[in-house]
Amino acid sequence: MGIKLFVGLGNPGSEYDQTRHNAGFWFVDALARELKVTLVPEKSYFGLAARAQFQGQTLWLLEPQTFMNLSGKSVAALARFFKIAPEEVLVAHDELDIVPGQVKLKQGGSHAGHNGLRDIHAQLGSPDYWRLRLGIGHPGAKDQVLGWVLKKPMAEHRDAIDECIQRSVRALPLLVAGDFTQAMMQIHTSKPPRPKPPPPSVPQA
């Protein structure tokens, strides 16, 4: 069972466009470019959505426009209408506990205080959807988190996040096919492992 619905989390409005909390939107935007589709407003799903064909499958891309805390309202509306199970949903979101330049794919688990995930849990009635956790780093103190996620990342962090997004987009065939083990290997590996140096040659006597 592969992914049928790709969701990016963020806040609508140009003032939030480039902020760390919108990393999920950046991922879905990159996916839309790859699939050559355009996200358009869909009132029934409270978000921007696009339908794409890929490897004989119908895929949906969704960016909830409800503000982060109500993301589940949008996700559940589309998933229920098209009978997409939680295990066929991938939600891309910013992740404080991972440094920029790293990205993790996982299924299930807690929402860890992320308000967008908290609402998706509640609205889907299940934690079994997949998450693409895009590292944005942590400001170091809990009281600085709100300001951190709603600010623009420094250029080198943005480049590192974009690189993670491109790597994740390249795993699309694996995600759609349901080959999550291979997808994780591809998404989690930022650089190919360096070849081991050849053993030193022993001089012939």
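Buried, in this talk, means under 20% relative accessible area, exposed means over 50%, and partly exposed lies in between, with a 1.4 Å probe and protein chains only. By that rule G72 is buried, with a relative accessible area of 1%.

Now the ground rules. This is a predicted model, in which local features need pLDDT of at least 70, side-chain atom pairs count only at pLDDT 80 or more, and totals for chains, interfaces and linings use all residues. Residues are numbered from 1 along each chain as its sequence is written, and side-chain values use heavy atoms, with hydrogens and water left out.

Let me stay with G72. Where is G72 found? G72 sits in helix α2, which covers residues 71-81. Helices here are DSSP runs of H or I with at least four residues, strands are runs of E with at least two, and both are numbered from the N terminus. G72 touches D119, I120 and Q123, leaving aside residues up to four places away in sequence. Contact means heavy atoms within 4.5 Å. G72 and F46 are 26 residues apart along the chain, and their C-alpha atoms are separated by 10.0 Å.

G72 is one of the buried residues of α2, and the others are S71, S74, V75, A76, L78 and A79. What covers these buried residues of α2? The cover includes strands β1 (5-8), β3, β4 and β5 (89-95), together with helix α3.

That brings me to helix pairs. Two packed helices are described by the angle between their axes and the distance between the axes. The axes are lines fitted to C-alpha atoms, for helices over the stretch in contact, and the angles run from 0 to 180 degrees between N-to-C directions.

The pair α2 and α3, the latter being residues 115-124, packs at an angle of about 40° with axes 7 Å apart. That makes α2 oblique to α3. On this scale angles under 35 degrees are roughly parallel, over 145 roughly antiparallel, 65 to 115 roughly perpendicular, and the rest oblique. The crossing of α2 and α3 is right-handed; a crossing is right-handed if the near helix is turned clockwise from the far one by less than a right angle, and left-handed if anticlockwise. From α2, the residues S71, G72, K73, V75, A76, A79 and R80 meet G116, D119, I120, Q123 and L124 of α3. These contact residues divide into five nonpolar, four polar and three charged. Nonpolar covers Ala, Val, Leu, Ile, Met, Phe, Trp, Tyr, Cys and Pro, charged covers Asp, Glu, Lys and Arg, and the others, Gly among them, are polar.

Next, helix α5, residues 155-170. Its 16 residues should span 22 Å at 1.5 Å a residue, and the end C-alpha atoms are 23 Å apart, which agrees. The expected span is 1.5 Å times one less than the number of residues. Which residues of α5 are buried? They are H157, I161, C164, I165, R167, S168 and V169. Their cover includes α1 (23-35), β6 (103-107), β7 (130-135), α6 (172-177) and α7.

Two of those helices can be described as partners of α5. The axes of α1 and α5 come within 10 Å and cross at roughly 45°, and the two helices are therefore oblique to each other. The crossing is right-handed. On the α1 side the contact has A23, W26, F27, A30, L31 and E34, and on the α5 side R158, I161, D162, I165, Q166, S168 and V169. By class, that is eight nonpolar, two polar and three charged.

With α7, residues 180-188, the axes come within 8 Å and cross at roughly 155°. α5 and α7 are therefore roughly antiparallel to each other. R167, S168 and R170 of α5 make this contact with Q186, I187 and H188 of α7. The classes here are one nonpolar, three polar and two charged.

Last, some backbone angles. Most residues other than glycine have a negative phi. F46, in the loop between β2 (40-42) and β3, has a positive phi near 55°. F46 is partly exposed, at 35% relative accessible area. Q55, in the loop between β3 (47-54) and β4 (57-64), has a positive phi of about 50°. Is Q55 buried or exposed? Q55 is exposed, with a relative accessible area of 53%. Q55 still touches P173 and V176, not counting residues up to four places away in sequence. Just after α2, K83 takes a positive phi of about 55°.
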